[in-house]
Amino acid sequence: MKQGTQGSAGTGIPSLSQGLEARAGAESTGTGTGAARVPSQGRAPGVDAGRGVSASASAPTARGEHTHSETPIPRPRAVVQRASVRGQILDALRTALVTGELTPGAVYSAPALGERFGVSATPVREAMQQLALEGAVEVVPNRGFRVVERGARELAELVEVRALIEVPVMLRLARTVAPERWAELRPLAEGTVRAASTGCRATYAETDRTFHRAVLSLCGNEQLVQIADDLHRRAQWPLVSPARPSARGHADLVADAAEHTALLDALIAGDVDVVRALVGEHFAGAS
């Protein structure tokens with residue numbers, strides 16, 4: 001594997017911090033993917049992030065509990081804040097993976113990334129450890145985290161496993177779910193079309209997973225939904241292969257989104273044969 005830099009100017013990481021601000025601005029206008037700007041770690045103590053409520057406000061005491069002799073419990077202000085920051089950093093890093101800003105094969109240190117995000121290294125390290133569990137990065141002792149390199153074969157394997165899980169479920173749901181339930185998913189399918197039209201891979205990736213997750217959730221099997229969503233996320237990471245571009249183009253995104261609306265039309269109509277054909281084409285195009 002090629003060795004990367006630890007947050008140098010050549011990695012494209014400075015734009016990640018800018019991307020957080022851009023996504024936060026987009027969220028306020030209703031055009032973003034839902035990720036919030038990473039907050040400053042210097043907020044006044046005792047203020048609950050996002051609601052402005054004092055963290056010192058006491059909750060009602062449950063009946064039968066006596067607190068007069070107990071040692072006061074410190075307010076978990078810092079813990080809550082760190083978890084919030086970590087979640088936002090994790091969303092930003094996932095976006096950077098999809099867009100290719102985190103270069104496959106490159107090594108990034110938590111302190112360097114934290115400096116560019118404007119936060120300490122701790123939430124960045126925690127977010128990277130989560131990405132390591134998901135298979136997106138691997139730990140490099142005393143250096144940081146290397147972005148995993150993968151080729152077309154791994155993508156094809158991921159798509160094959162997704163098809164084995166999702167296709168039978170979709171065909172079963174096509175026979176059992178009422179048309180009005182399918183119609184409720186129309187806004188999600190149309191959302192993928194709008195996202196594809198922007199050409200932003202990160203925005204489209206989120207709406208794409210949201211639509212598939214909503215379809216599969218109708219089966220009532222939460223474990224299946226979680227596994228399928230994890231596989232879907234992994235399939236969205238860019239490739240590193242000389243035989244194929246590392247990212248899907250604008251036309252690919254538009255065509256993929258159009259298949260969502262066509263699939264939903266067939267599901268509403270209860271045409272199982274068309275559903276089978278469309279699902280097969282959809283997964284074939286994803287590999």
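Trainee: Which residues of α10 meet α11?

Mentor: In this predicted model, α10 contributes D256, E259, H260, A262, L263, A266 and L267, and these meet V274, V275, L278, V279, E281 and H282 of α11. By class, the contact holds eight nonpolar, two polar and three charged residues.

Trainee: What makes α10 and α11 roughly antiparallel to each other?

Mentor: Helix α10 spans residues 250-269 and helix α11 residues 272-286, and they pack at an angle of about 160° with their axes 9 Å apart. Angles over 145 degrees count as roughly antiparallel, and the pair is therefore described in that way. The crossing of α10 past α11 is left-handed.

Trainee: A266 belongs to that contact. Why is A266 called buried?

Mentor: The relative accessibility of A266 is 6%, and buried means under 20%; A266 therefore counts as buried. A266 lies in helix α10. When residues up to four places away in sequence are not counted, A266 touches D271, V274, V275 and L278. The C-alpha atom of A266 is also separated by 8.6 Å from that of A174, although the two residues are 92 residues apart along the chain.

Trainee: How do you know that α5 and α8 are oblique to each other?

Mentor: Helix α5 (residues 152-176) packs against helix α8 (residues 201-217) at an angle of about 55°, and their axes are 9 Å apart. Roughly parallel requires an angle under 35 degrees, and roughly perpendicular begins at 65. The value falls between these limits, and the two helices are therefore oblique. α5 passes α8 in a left-handed crossing. On the α5 side the contact is made by R162, E166, V169, M170 and L173, and on the α8 side by H212, V215 and L216. These residues divide into five nonpolar, one polar and two charged.

Trainee: At what angle do α3 and α4 pack, and what is the handedness of their crossing?

Mentor: Helix α3, residues 110-117, packs with α4 at an angle of about 115°, their axes being 8 Å apart. The crossing of α3 past α4 is right-handed. The residues involved are A110, P111, L113, G114 and F117 of α3 together with A121, V124, R125 and M128 of α4. Seven of them are nonpolar, one is polar and one is charged.

Trainee: Where is E134 found, and is E134 buried or exposed?

Mentor: E134 is in the loop between α4 (121-133) and β2 (137-140). The relative accessible area of E134 is 8%, which is under the limit of 20%, so E134 is buried.

Trainee: Why is N142 called exposed, and what is its phi?

Mentor: The relative accessible area of N142 is 85%; exposed means over 50%, so N142 is exposed. N142 sits in the loop between β2 and β3 (144-147). Its phi is positive, about 65°, although N142 is not a glycine. Most residues other than glycine have a negative phi.

Trainee: How many helices and strands does the protein chain have, and what share of its residues is buried?

Mentor: The protein chain has 11 helices and three strands, in the order α-α-β-α-α-β-β-α-α-α-α-α-α-α along the sequence. Of its 287 residues, 39% are buried. Among contacts with a separation of 6 or more, 72% are between residues 24 or more positions apart.

Methods:
Residues numbered from 1 in each chain as written. Predicted model: local features only at pLDDT ≥ 70, side-chain atom pairs only at ≥ 80, totals over all residues. Heavy atoms only, no water. Axes fitted to C-alpha atoms, helices over the stretch in contact; angles between N-to-C directions. Helix = DSSP H or I, 4+ residues; strand = E, 2+ residues; numbered from the N terminus. Parallel < 35°, antiparallel > 145°, perpendicular 65-115°, else oblique. Left-handed = near helix turned anticlockwise from the far one by under 90°. Contact = heavy atoms within 4.5 Å. Nonpolar A, V, L, I, M, F, W, Y, C, P; charged D, E, K, R; others polar. Buried < 20%, exposed > 50% of the residue type's maximum accessible area, 1.4 Å probe, protein only.
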